[in-house]
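Here is a short briefing on one protein model. Look at the chain first, then work through the points below.

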Amino acid sequence: MLRPAITWLDSRKARGSYRPNLLVRSAFRLIGKDKTVRKTMRDGKCNWIQENEPRIWEETWKYALVSGFLNFRLTGAPFDSVASVVGHVPMNYRGRRWDSPRSLHGKLFPVDPDKL
């Protein structure tokens, strides 16, 4: 373990690295989601670690939520249930797979696919 877990109650905020182009920003504004997208990105704990503890992020083998960490400790395998992977990670819930780095979730939460 590289660092203590960050719980959902933690109020630290990230700056976030995703900067949508003018067209995408305009679309978010048009549908009233521009503030939601910024808040979601700022709430991502993976973003906070990348910005504030880059050495820790570089050494990270797998980025897991609490359920994934507990499953790993119990079984030794880095797996989790799709139903448990709720939160600020690049997950395509309908497709039951990790989102591409090019998708919106992949841009909001830029976790290398090999760390998922």
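With 116 residues, a compact globule would have a radius of gyration near 13 Å, and the protein chain agrees with its 15 Å. That radius is taken over C-alpha atoms, and the globule rule is 2.2 Å times the number of residues to the power 0.38. This is a predicted model: local features need pLDDT of at least 70, side-chain atom pairs count only at pLDDT 80 or more, and totals for chains, interfaces and linings use all residues. Residues are numbered from 1 along each chain as its sequence is written, and side-chain values use heavy atoms, with hydrogens and water left out.

**Overall build**
- The C-alpha atoms of the protein chain fill a box of roughly 45 × 30 × 25 Å along the principal axes.
- The protein chain has 6 helices and 2 strands.
- Helices (H or I, at least four residues) and strands (E, at least two) are DSSP runs, numbered from the N terminus.
- From the N terminus on, the order is α-α-α-α-α-β-β-α.

**Inside and contacts**
- Contact means heavy atoms within 4.5 Å.
- Of the contacts with a separation of 6 or more, 53% join residues 24 or more positions apart.

**Helix α2**
- Helix α2 spans residues 34-43, and its buried residues are Asp34, Val37, Met41 and Asp43.
- Their cover includes α1 (22-30), α3 (45-52) and α6 (104-108).

Methods:
Buried < 20%, exposed > 50% of the residue type's maximum accessible area, 1.4 Å probe, protein only.
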